[in-house]
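Please look at the sequence and the 3D structure below. The report that follows goes through charged pairs, aromatic rings, a surface patch and a pair of strands.

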Amino acid sequence: MAPVLSRSLVSSPIASLPSFSVKNGSNKVVNLRSGFLPQRGFKNGLSCSGLKWKLERRDSGVVVRCEAAVAEKEAAETSDGEVHEYQAEVTRLLDLIVHSLYSNKEIFLRELVSNASDALDKLRFLSVTDPSLLGDAGELEIRIQPDPDNGTITITDTGIGMTKEELVDCLGTIAQSGTSKFLSALKENKDVGADNALIGQFGVGFYSAFLVAEKVVVSTKSPKSDKQYIWEAAAESSKYVIKEETDPEKMLRRGTQITLYLRSDDKYEYTEPTKIQNLVKNYSQFVSFPIYTWQEKSRTVEVEEEEEPKEGEEAKPEEEKKKIKKTKTEKYWDWELANETKPIWMRSPKEVEEEQYQEFYKKTFSEFLDPLAYTHFTTEGEVEFRSVLYIPGMAPMNNEDITNPKTKNIRLYVKRVFISDDFDGELFPRYLSFVKGVVDSNDLPLNVSREILQESRIVRIMRKRLVRKAFDMMQDLAEKEDKEDYKKFWENFGKFVKLGCIEDSGNHKRITPLLRFISSKSEEDLISLDDYVENMGENQKAIYYLATDSLKSAKNAPFLEKLVQKDIEVLYLVEPIDEVAIQNLQTYKEKKFVDISKEDLELGDEDEVKERETKQEYNLLCDWIKQQLGDKVAKVQVSNRLSSSPCVLVSGKFGWSANMERLMKAQTLGDTSSLEFMRGRRILEVNPDHPIIKDLNAACKNSPDSTEAIRAVDLLYDTALISSGFSPDSPAELGNKIYEMMAIALGGRWGRLEDGESEAVSEDNSTGSDDSSVDTAETEVVEPSEVRAEADPWSS
């Protein structure tokens, strides 16, 4: 049988030298040493070029093995191949945690306080069955003391502490979570049950201390051990030191003390007592144990001083000097409770008073006004969380802070520890970003740094429930008997609710009952769409609206004339966002929204026979006017919406209204090509009952080429353009036309004379004055209405 070559090695990218043995047909092993191994042999193997060579003696002979020097465990052979264990390079792993895991340096304090809270929670839990663990070490608390002189921060807790073995297990192994082990043990012990209120379960939070510290010293005393141990490590090292504490002054009765020796570029910022207190209030304000920070304070004290002699007086002897009392302000250092505000969302809503909700709102969000409304609820199911939401008492001074999704109004907590308030619209849509509140959950899927929500499905479920509760809160506010609160809400946030009509089609049913508008029947008080529908007549089939730039423009618009006569209510949309919002709604309670400034307006009670006769009578006039105006209008037709105005210019059914055209023109980056396309279809509607239209009808039949009639049509169009809300293409040209028509209408009406005629008239008056007594002619009085020029366009 031919020799069989069998390899036994771990391949390396550095070298390709194999180690192998050759078996022949009689199973004798022949070792191939020459060219691969040193001639003198070796006892413990040879290591070179990143490779480690081993000589193994077996029953069948000697086998040479080669493996990478970094591998510490031999691969286990299975039927499917070789199984290897991952080997972590500790220095590189620490570098990743410090520089890549956390986005903000200040997170270190949140993580260390969370670990201290877990240690206190464990002790409290274990002391239920073993009270001796508490001993006489004092209350369960956390104390944080910055030292600007030495550049250190010391965090001390009176929790469970650690033994030497636990130090090695928890701090000596990166990503080893003592909390996770504790929870696993609780779950296995069915008699005790599992308390999932502990925070840190990733095992890397402690190492966030190296974000700001160049060295960390941990001194810990467990009630299970008589000795106190010190764990010490540097940021750039992969080694740590454990030793026993022997200094009597540094002994702890129980718990753990962590001292951070800050880096030179961080010591001035993070040893500032105010900075430490603000970080605790931001991230750990609702931790269930008291957190004290070392703060500089001041107090006023009375002291006795000797009265100083006045100027010119001699110094008095010591016995005669008077003692006077003065007040001085002295500074001192003392512990101050940093987490005074309690998490009211952890309590039952029945146990919390309204004043407590208001106080919590003001302290948490730094507000001075009471909220307009609040809701406190607990959600169970796929995602369990507790929340308290508020509607602020007033909008921010800068409205951009509301529409900006990063307003930081929703604060997310996990087990009472602050996680983030920067969600970029993930928990609330942009139009509801004015809602403020807190959300706390025990089982949210966070990343390792506990800064980002990971599972998008969970976030979507939370968002859906939070939005629903916010709408319920607003609806309750709208249904209150006292309408003042909802009036304030609408004044502050109404336009942003309208924004929801545009951005959130899925919640139209919740948004539309909240909308409020001014109408032709309710100019003082805003009405809801429910009130509008309830007040509609039997024949009314639509909800009519008119969009303008002001209430005055809406009230005087010619589109309203026939609707007001028929007692039909019209909504006035006077804010820029109103028209777009209504167009996105389309219908409400099976009633369509109809813009009365657009073509094909149906009022529901038209006389079809009369309309047909009128259209036939004025059909020639409409064609003649269209011929004169050319491309300025798409068509000319008889109107059914006018009663006092001669004509009106309406928009096409699918084009922009005059109000929308005005808004689009005002856009800084508006597209002029789309503007021309959308405004292209304009329709001139004429009122057959108006004298001007009757005169023009006679002109088109009797004198269609009359210059005065053509000029009247041109001026009629320009006037309709302005009265209908459009902007004329050339205001100056329109002004000249009006001046010209005024000159024709007013010329000579009050006896005005030219300059050359004034002298002749004065002479005639002087000569005629002598004969006035003799020749008194009877003066003819002519009414102004009978004075007409030869080219008067208004003559019948």
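Lys 632, Asp 714, Asp 718 and Lys 737 are joined in a network of salt bridges. A salt bridge here is a side-chain nitrogen of Lys or Arg within 4 Å of a carboxyl oxygen of Asp or Glu. The model is predicted, and local features need pLDDT of at least 70, side-chain atom pairs count only at pLDDT 80 or more, while totals for chains, interfaces and linings use all residues. Residues are numbered from 1 along each chain as its sequence is written, and side-chain values use heavy atoms, with hydrogens and water left out.

The structure holds 27 salt bridges. Three of them are listed here.

| Salt bridge | Closest N and O atoms |
|---|---|
| Glu 503 and Arg 430 | 2.2 Å |
| Lys 480 and Asp 485 | 2.8 Å |
| Asp 578 and Lys 498 | 2.7 Å |

Which parts of the chain does the bridge between Glu 503 and Arg 430 tie together? Glu 503 lies in helix H10 (residues 484-503), and Arg 430 lies in the loop between strand S20 (417-420) and strand S21 (436-441), so the bridge ties together parts that are 73 residues apart in sequence. Helices (H or I, at least four residues) and strands (E, at least two) are DSSP runs, numbered from the N terminus. Glu 503 is partly exposed, with a relative accessible area of 37%, and Arg 430 is partly exposed as well, at 35%. Buried means under 20% relative accessible area, exposed means over 50%, and partly exposed is in between (1.4 Å probe, protein chains only).

In the bridge between Lys 480 and Asp 485, Lys 480 is partly exposed at 34% relative accessible area, whereas Asp 485 counts as buried at 18%.

Asp 578 forms a salt bridge with Lys 498. This pair links distant parts of the chain, with Asp 578 in helix H15 (residues 578-585) and Lys 498 in helix H10, 80 residues apart. Are these two residues buried or exposed? Asp 578 is buried, with a relative accessible area of 2%, and Lys 498 is buried, with 4%.

The next topic is aromatic rings. The structure holds 24 aromatic pairs. Rings of Phe, Tyr and Trp (its six-membered ring) pair if their centres lie within 6.5 Å; planes under 30 degrees apart count as stacked, over 60 as edge-to-face and the rest as tilted. The ring centres of Trp 231 and Tyr 240 are 5.8 Å apart and the planes are at 25 degrees, so this pair is stacked. Trp 231 counts as buried at 2% relative accessibility, while Tyr 240 is partly exposed at 32%.

Tyr 357 and Tyr 374 have ring centres 4.5 Å apart and planes at 25 degrees, so this pair is stacked. The pair links distant parts of the chain: Tyr 357 is in helix H7 (residues 354-365) and Tyr 374 is in strand S17 (residues 373-379), 17 residues apart. Tyr 357 is buried at 3% relative accessible area, and Tyr 374 is partly exposed at 29%.

Helix H7 also holds Tyr 361, which counts as buried at 0% relative accessibility. Tyr 361 and Pro 371 are ten residues apart in sequence and 7.6 Å apart in space, C-alpha to C-alpha.

One aromatic cluster is formed by Tyr 283, Phe 286, Trp 345, Phe 360, Tyr 413 and Phe 418. What sits over the ring of Phe 418? The charged end of Arg 411 does, 4.2 Å from the ring centre. A charge sits over a ring if NZ of Lys or CZ of Arg is within 6 Å of the ring centre and within 35 degrees of the ring normal. The charged end of Arg 143 sits over the ring of Tyr 292, 4.5 Å from its centre.

On the surface, Ile 738, Tyr 739, Met 742, Leu 746 and Trp 750 form a nonpolar patch with about 590 Å² of accessible area together. Patches are made of residues with over 30% relative accessible area and no salt bridge, where like charges are joined within 9 Å and nonpolar side chains (Val, Leu, Ile, Met, Phe, Trp, Tyr) within 5 Å. Accessible areas come from the Shrake-Rupley method with a 1.4 Å probe; for residues, only the protein chains shown count as cover. Leu 746 is in helix H22 (residues 731-746) and is partly exposed at 38% relative accessible area.

Strand S22 (residues 516-519) and strand S23 (residues 522-528) pair in the antiparallel sense over three bridges. Two strands pair if DSSP finds at least two bridges between them. S22 and S23 form a hairpin with two residues between them, and the bridge partner of Phe 517 in S23 is Ile 527.
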